[in-house]
Amino acid sequence: MEATGAAEPAPDEELVLAPRLRERRRAGGLTLEAAAHRLGLSAAHLSRMESGLRQPSLPVLLGLARLYGTTVSDLLGETSAEPDPIVRGGRMPAVPAGGWTYWRAGGTGRAMQALRVHVPAGAQRALVRVHPGEEWLYVTAGELELTLGERAHRLAAGDSAHFDSLVPHRLAAAGTAGVDLLFLHTLMQSETSTLCIGPRDTTDSLGDRR
């Protein structure tokens, strides 16, 4: 049964919507008849929408978006705003998690995540992480104990590290005041349960001491 009560779009929407409906249908490999059948419409009704002679109601527009694997905003030609490239440190709330404290230091919706991190003394000393991607960190204050595979390193303020995060790694504060880091990593694709493989022997001596 065909939907009634078609919405009255703005003139700009009329210019954009009709060709997008046709383009999205063809991109999905659907004939006019096949798409209309799945939507519960006649082929003639859908053809009129693709020609700009008829405007879809909101329920029909939602159905079109679902069928073509896109969004209503895309069908209407709306573009999302670019993420704000500026992050004001004073506006970022501290987020405690697992004994560490995090502050967002980069934009959202990116392929990488940037953070400021404070690692207190003793927090997560035995936790070893393994996950796809890369990590880069820079020590801004304090000293960091960084274990990569079987090698242990001590990093002071001004030191940095860049490594493949499939290498088992462990981060811990070397001093009683904790350590502050700038931290950048590619967004993790693994399930949370695969990221940590359990405690390591915390009696390992540190290499590369400064």
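Analyst: Fine. Glutamine 124 is a place to begin: its relative accessible area is 17%, under the 20% cut-off, so the residue counts as buried. Keep in mind that this is a predicted model.

User: Where is glutamine 124 found?

Analyst: In the loop that runs between β3 (112-119) and β4 (127-129).

User: What is phi of glutamine 124?

Analyst: Near 55°, which is a positive value in a residue other than glycine. Most residues other than glycine have a negative phi.

User: Next loop. Is alanine 177 buried or exposed?

Analyst: Exposed, because its relative accessibility is 67% and the cut-off for exposed is over 50%. Alanine 177 sits in the loop between β9 (169-173) and β10 (179-186).

User: How far is alanine 177 from valine 119, C-alpha to C-alpha?

Analyst: Those C-alpha atoms are separated by 9.0 Å, with the two residues 58 apart along the chain.

User: Switching to the sheet. What is the strand order?

Analyst: The order is β1-β2-β3-β10-β5-β8, an open sheet of 6 strands with antiparallel pairing. β1 (95-97) and β8 (160-164) are at the edges; each has a single partner strand, so one side of each has no neighbour in the sheet. On average, neighbouring strands are turned by 25° against each other, direction ignored.

User: And how many bridges between β5 and β8?

Analyst: 5 bridges, in the antiparallel sense, with β5 covering residues 134-141. As one example, tryptophan 136 has histidine 162 in β8 as its bridge partner.

User: OK, helices. Which residues of α2 are buried?

Analyst: Leu32, Ala35 and Ala36, in a helix that spans residues 32-39. They lie on the same side of α2, because the arc they cover around the axis is only 100°. Glu33, His37 and Arg38 are exposed on the other side.

User: Why would residues a few places apart end up on one side?

Analyst: An α-helix has 3.6 residues a turn, so residues three or four places apart point the same way.

User: What about α3, which residues are buried there?

Analyst: In α3 (residues 43-50) the buried ones are His45, Leu46, Met49 and Glu50. Their arc is within 140° when seen down the axis, so they line one face of the helix.

User: At what angle do α2 and α3 pack?

Analyst: About 105°, with the axes 8 Å apart. The two helices are therefore roughly perpendicular to each other.

User: Which residues meet there?

Analyst: From α2, Leu32, Glu33, Ala35 and Ala36; from α3, Ala43, Leu46, Ser47 and Glu50. Leu32, Ala35 and Ala36 are buried residues of α2, while Glu33 is exposed. On the α3 side, Leu46 and Glu50 are among the buried residues.

User: Last, the totals. How many helices and strands, and what share of residues is buried?

Analyst: There are 5 helices and 11 strands, and 33% of the 210 residues count as buried. The protein exposes about 12,100 Å², and carbon and sulfur atoms supply 54% of that area. For contacts between residues at least 6 apart in sequence, 67% join residues at least 24 apart.

Methods:
Residues numbered from 1 in each chain as written. Predicted model: local features only at pLDDT ≥ 70, side-chain atom pairs only at ≥ 80, totals over all residues. Heavy atoms only, no water. Helix = DSSP H or I, 4+ residues; strand = E, 2+ residues; numbered from the N terminus. Buried < 20%, exposed > 50% of the residue type's maximum accessible area, 1.4 Å probe, protein only. Contact = heavy atoms within 4.5 Å. Areas by Shrake-Rupley, 256 points an atom, 1.4 Å probe, with all protein chains shown as cover. Pairing = 2+ DSSP bridges. Axes fitted to C-alpha atoms, helices over the stretch in contact; angles between N-to-C directions. Arc of directions from axis to C-beta. Parallel < 35°, antiparallel > 145°, perpendicular 65-115°, else oblique.
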